Amino acid sequence: MTTRLFYDLVALVIFALVIVLGVPALMGFDGFELNTFARYLALGIASLALALSWGGAGLLNLGQAATFGMGSYAMAMHLKLKASGDGLPDFMGWNNVPELPLIWVPFHSLGFTLLAGLLVPAFVGGLIAMFMFRARIAGVFVAIITLAFLVAFQLVVIEEQGITGGQNGLTGLAPLNVLGWSVDTYGVGFYYLVAGCLVTAITIGLYLTHSKFGLILRAIREDADRTRFLGYNVANYQTVIFCISAALAGWAGMLYTLVLEFASPTYMSVSFSLAIVIWCAVGGRDSVLAAAIGAILVNLLEGRLSDIFVEGWNLMLGVIFVFVVMFMPRGLNGLVGDAWRFIGGRLQKERTISTRPHLQPEPVKSGQEN
Amino acid sequence: MDVILNQMFAGLSMASILLMIALGLAIIYGAMGVINLAHGEFVMLGAYAAWALQTYAGFSIIVALPFVFVAVGAVGWIIERVIVQRLYHRPLDTILATWGIGIILQQVVRLSVGAESRFVKGPELLSGNIEIGGLVMSNYRIFVIVFSLAVLAASWALMTRTEFGMKLRAVIQNRQISECYGIEAKHIYSVTFAYGAGLAGIAGALITPLFSTIPTMGTGLVVDAFLVVIVGGLGSLLGAASAAVLIGEATALFSMLFNDTLGRIAVLAGIIVLIRFRPRGLFPSNTRR
């Protein structure tokens, strides 16, 4: 086991303990507070999904909100059907839709919904990725294409009122019913469900980053051409990570719909998509765990501060973000890493001096240049 | 037939606005490779500057234009000096930093002026329409089209006929060698960024009678302007102009065939495909990087 993996696992265990045991206890098992926190955890999954493609492979996906939205709409369609019973969903009546559109029919089944919430985003993400990466599109152009896709996709969702509920989204949803357990979104059980999902997602992310697959992706990020010369099919690797990232975003979207009890086209807005990028950058794009923590921290701050500074909060968010991009390109993760190395370096230095006085200690560098 | 002509004029009018916004962006992106997502906010600042000048000083839009240009240019200059200058070696991060700057500018305006929509009167001189058969053209829109062409010509002259333009082109081609010849690349970049911001400000001032002036007006515009720049090709002014006309007319055409939203969707899809097959745009300039 490498040291890096060891640290990541320790951090994951600590993080899991904090959100599973620490947070509910701190909140006094209060349903409302736990629901709010579950929302942050769901957004954490969206942020870590971006960290996989952005930090891990250097593909800045500004359209992450589109795949997030697909997941959230999949879940919302299922719950809307449950809420409508045998009849049509109410908004379809307002839009003169005579019968249930074909695309809605399979969402009666929960199993299909869960699969669709993961596979539809993965499929769409895969299509876009194949389209881009086969042509060796890289860098800024990936960002622009995904951004244009996001704008177009949101327009489609708003336009197709009869199927998607248009600007209003899908509201008035039934509670989720899994094998007879009716999920109470203000209950402790639901919180543990979301927390469990987040820990699972982080574990998957850590597994991917530490696998050979993750190593090759990092090689592609550093120099795609050299990796190509070594015989790897760069486009395939990029496509796979794009799919996985999209599926995780869809998963986050499904949970988000459960927490908020509605789905809205604002989940697919440009500003929401860039908000995900902000969380990811603040936490640290290199590590899935850090990205998730970044999302939780920024949203926690937003929840607390936007009550106090109703108007000024967004201004503060902008300032924080510019500061992070300029001075902490590796986010909080980089800051913690530097502090760790600094302390470690001190200890190392003392040991070197005491045990081998004839050797000059190496100068300790605090942090890498970026 | 009249419908088509009117729609073509609407497309041309949209193209002229896109061109005004995209021109500043094209110069900034072409010169320094900075993806300036705060550009929409520069447009917004220009619109608010025009509103403030009209409300408090009684200036008509056309009189206000030079002031708006200088004011927004100054904001751009400060932002370049304080923030963007430190990020030239990290082009992807400029997307993020400028988005952050955009949030800040938007919130500052929201906090100081308010979130409600502001109204700016168009100039009296240019009210009314010209009618040729069934084709109805608003005088103000014609003025915007002519003005955008003038700005294009002025920018072209600045780039190719002045000493500053020569230095800028030298820096674009090879920054290190230009610095060896005594050109201060940093200074050139600052001025170029300020010029691009100033153009966005003018665009913002000019569109105030056509759009509603709200703090979030820039966010939608910047995506469109960006697509114009990418389609036109890196740093090519003529490319940006033809891309603006192409996108403006295509949007108008598709809007006529389907409806506004579907028209926009079709254009976005077309642009995605175009970037895929010609990532360097329709008219790439031959620069070494």
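**Close-up views of a predicted two-chain model**

Figure 1. A:Leu81 is buried, because 22 other C-beta atoms lie within 10 Å and a residue counts as buried at 20 or more. The residue belongs to helix H3 of chain A, which runs over residues 64-84. When neighbours within four places in sequence are set aside, the contacts of A:Leu81 are A:Pro89, A:Trp104, A:Phe107 and A:His108. A:Val105 lies 24 residues from A:Leu81 along the chain, and the C-alpha atoms of the two are separated by 9.0 Å.

**Figure 2. Helix H11 of chain B and its buried face**. Helix H11(B) comprises 18 residues, 260-277. The distance from its first C-alpha to its last is 26 Å, close to the 26 Å expected at 1.5 Å a residue. Buried positions in H11(B) are B:Arg264, B:Ile265, B:Val267, B:Leu268, B:Ile271, B:Ile272 and B:Ile275. Viewed down the helix axis, these buried residues of H11(B) fall within an arc of 165 degrees, so they line one face of the helix. B:Val273 and B:Phe277 are exposed and sit on the face of H11(B) turned away from the buried side. The packing partners of the buried residues come from both chains: helix H6 (140-159) of chain A, together with helix H9 (217-232) and helix H10 (237-257) of chain B.

**Figure 3. Contacts between chain B and chain A**. On the chain B side, 33 residues are in contact with 36 residues of chain A. Helix H4 (91-113), H9 and H11 of chain B are the elements that give two or more residues to this side. H4(B) provides the largest share, 14 residues. By residue class, the side of chain B that touches chain A divides into 25 nonpolar, 4 polar and 4 charged residues.

**Figure 4. The hairpin of strands S1 and S2 in chain B**. Strand S1 (residues 129-132) and strand S2 (residues 135-138) of chain B pair in the antiparallel sense, with 4 bridges. B:Ile130 has B:Met137 in S2(B) as its bridge partner, and B:Glu131 stands opposite B:Val136 in S2(B). The hairpin has 2 residues between the strands, and B:Gly133 takes a positive phi near 60 degrees.

**Figure 5. Positive phi at A:Arg136 and A:Glu261**. Most residues other than glycine have a negative phi. A:Arg136 has a positive phi, near 60 degrees, and is found in the loop between helix H5 (110-133) and H6 of chain A. With 14 other C-beta atoms within 10 Å, A:Arg136 is partly exposed. A:Glu261 also has a positive value, its phi being near 65 degrees. The loop that holds A:Glu261 lies between helix H11 (234-260) and helix H12 (270-283) of chain A. A:Glu261 is partly exposed, with 17 other C-beta atoms within 10 Å.

**Figure 6. Helix H13 of chain A**. H13(A) covers residues 288-308, 21 residues in all, and reaches 31 Å from its first C-alpha to its last. The expected span is 30 Å at 1.5 Å a residue, and the helix is close to that value. The buried residues of H13(A) include A:Val288, A:Leu289, A:Ala290, A:Ala291, A:Ala292, A:Ile293, A:Gly294, A:Ala295 and A:Ile296. A:Val298 and A:Asn299 of H13(A) are buried as well.

**Figure 7. B:Tyr29 in helix H1 of chain B**. Helix H1 (residues 2-32) of chain B contains B:Tyr29. B:Tyr29 is buried, having 24 other C-beta atoms within 10 Å. B:Leu282 is 253 residues from B:Tyr29 in sequence, and the two are 16 Å apart in space, C-alpha to C-alpha.

**Figure 8. The two domains of chain A**. Chain A is divided into domain 1, residues 3-269, and domain 2, residues 336-370. The centres of domain 1 and domain 2 of chain A, taken over C-alpha atoms, are separated by 42 Å.

Key. Residues numbered from 1 in each chain as written. Chains lettered and ligands numbered in written order. Predicted model: local features only at pLDDT ≥ 70, side-chain atom pairs only at ≥ 80, totals over all residues. Expected span 1.5 Å × (residues − 1). Buried ≥ 20, exposed ≤ 12 C-beta atoms within 10 Å, placed from the backbone. Arc of directions from axis to C-beta. Contact = placed C-beta atoms within 7 Å. Pairing = 2+ DSSP bridges. Domains from an automatic or database assignment. Nonpolar A, V, L, I, M, F, W, Y, C, P; charged D, E, K, R; others polar.
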